[in-house]
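Visitor: Please put the model up, and I will ask about it piece by piece.

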Amino acid sequence: MNRLFGAKSSTPKPTLSSAISNVDERISSLDVKLASINAELTSYQTKLSKMRDGPGKTAIKQKALKVLQRRKMYEGQRDQLQQQSYNMESAAMMQDNLQNVMTTVSTLKSTNAALKKQYGKIDIDKIERMQDEMADLMEVGNEIQESISRSYDLPEEVDEAELDAELEALGEEAELEGLGGMAEGTPSFMVDEVPSFIDEPPQKVGEVKEAAT
């Protein structure tokens with residue numbers, strides 16, 4: 001049966017990365033060949049610069065021409081391979097970008113579904129009622145605070161004119177009390193007292209003058 005219809009190949013399909021690697025290896029191989037050709041051409045150029053015109057010099061020129069043709073062929077192949085590598089790298093970059101976009105879209109879809117599921121459980125009306133209840137409680141709390149902090153039996157406000165009148169009345173009352181105290185008698189600290197350690201009472205001013213004369 002396999003001979004008639006053929007068997008499925010078990011060889012894995014090439015990828016862009018493997019293809020780019022193969023092309024880069026071929027480019028490296030061509031670079032090695034080109035370096036060898038350049039060295040060969042340099043040796044021919046050195047020999048030709050030292051030789052005189054003649055059959056020998058002509059033969060070396062023919063060899064150098066063949067080497068130069070081979071170098072141009074290798075350079076053409078290298079340029080083609082480099083262009084192929086560039087194209088494949090561009091395609092690989094586009095593929096990576098597309099995969100990133102698909103991953104981002106898939107993540108956004110799953111996130112959107114999760115948000116819908118979560119927000120679907122929230123009752124907006126219940127939240128509004130809760131906010132109204134909180135506002136009512138805050139208002140009741142403010143009323144309680146105002147009631148507790150209210151003062152009792154405070155006098156009415158006093159203006160400056162009334163204050164000046166009260167102060168003036170207090171001053172007059174103090175002056176009257178001072179005059180009344182002086183009318184009652186001499187203060188005790190102004191009364192002459194004889195200390196207990198003196199035998200005779202102090203003489204008056206007139207007696208002191210007579211004693212002096």
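Visitor: Which element supplies the largest share of the nonpolar patch?
Guide: This is a predicted model, in which local features need pLDDT of at least 70 and side-chain atom pairs count only at pLDDT 80 or more, while totals for chains, interfaces and linings use all residues. Residues are numbered from 1 along each chain as its sequence is written, and side-chain values use heavy atoms, with hydrogens and water left out. The patch covers about 800 Å² and includes Leu 115, Tyr 119 and Met 134; patches take residues with over 30% relative accessible area and no salt bridge, like charges being joined within 9 Å and nonpolar side chains (Val, Leu, Ile, Met, Phe, Trp, Tyr) within 5 Å. Helices α3 and α4 (124-148) each give at least two residues, and the largest share, 5 residues, comes from α4.

Visitor: How many helices does the chain have?
Guide: Helices (H or I, at least four residues) and strands (E, at least two) are DSSP runs, numbered from the N terminus. The elements run α-α-α-α-α-α from the N terminus on. There are 0 strands, and the helices number 6.

Visitor: Which element has the highest mean pLDDT?
Guide: pLDDT is the predictor's confidence in each residue, from 0 to 100. The chain averages 78, and 74% of the residues score at least 70. Helix α6 (residues 205-212) has the lowest mean, 50, and the highest, 90, belongs to α3.

Visitor: Against which helix do the buried residues of α3 pack?
Guide: Buried means under 20% relative accessible area, exposed over 50%, and partly exposed in between (1.4 Å probe, protein chains only). The buried residues of α3 include Ile 60, Val 67, Tyr 74 and Leu 81. Their packing partner is α2 (16-50).

Visitor: Is Ser 85 buried or exposed?
Guide: Ser 85 lies in helix α3 (residues 55-119). Leaving aside neighbours within four places in sequence, Ser 85 is in contact (heavy atoms within 4.5 Å) with Ile 20, Val 23, Asp 24 and Ile 27. Its relative accessibility is 6%, so Ser 85 counts as buried.

Visitor: What separates the C-alpha atoms of Gln 77 and Leu 30?
Guide: Gln 77 is also placed in helix α3. At 34% relative accessibility, Gln 77 counts as partly exposed. Gln 77 and Leu 30 are 47 residues apart along the chain, and their C-alpha atoms are separated by 8.0 Å.

Visitor: Which residue does Arg 78 meet in a salt bridge?
Guide: A salt bridge is a side-chain nitrogen of Lys or Arg within 4 Å of a carboxyl oxygen of Asp or Glu, and the structure holds 4 of them. Arg 78 is partly exposed at 23% relative accessibility. At 3.2 Å, N to O, its partner is Asp 31.

Visitor: Which residue forms a salt bridge with Arg 70?
Guide: Arg 70 is partly exposed, at 31% relative accessibility. The closest N and O atoms of the pair are 3.5 Å apart, and the partner is Glu 40.

Visitor: What separates Arg 71 and Glu 75 along helix α3?
Guide: The side chains of Arg 71 and Glu 75 meet in a salt bridge of 3.7 Å, N to O. Because the two are 4 residues apart in helix α3, the separation is about one helical turn.

Terms used: Areas by Shrake-Rupley, 256 points an atom, 1.4 Å probe, with all protein chains shown as cover.
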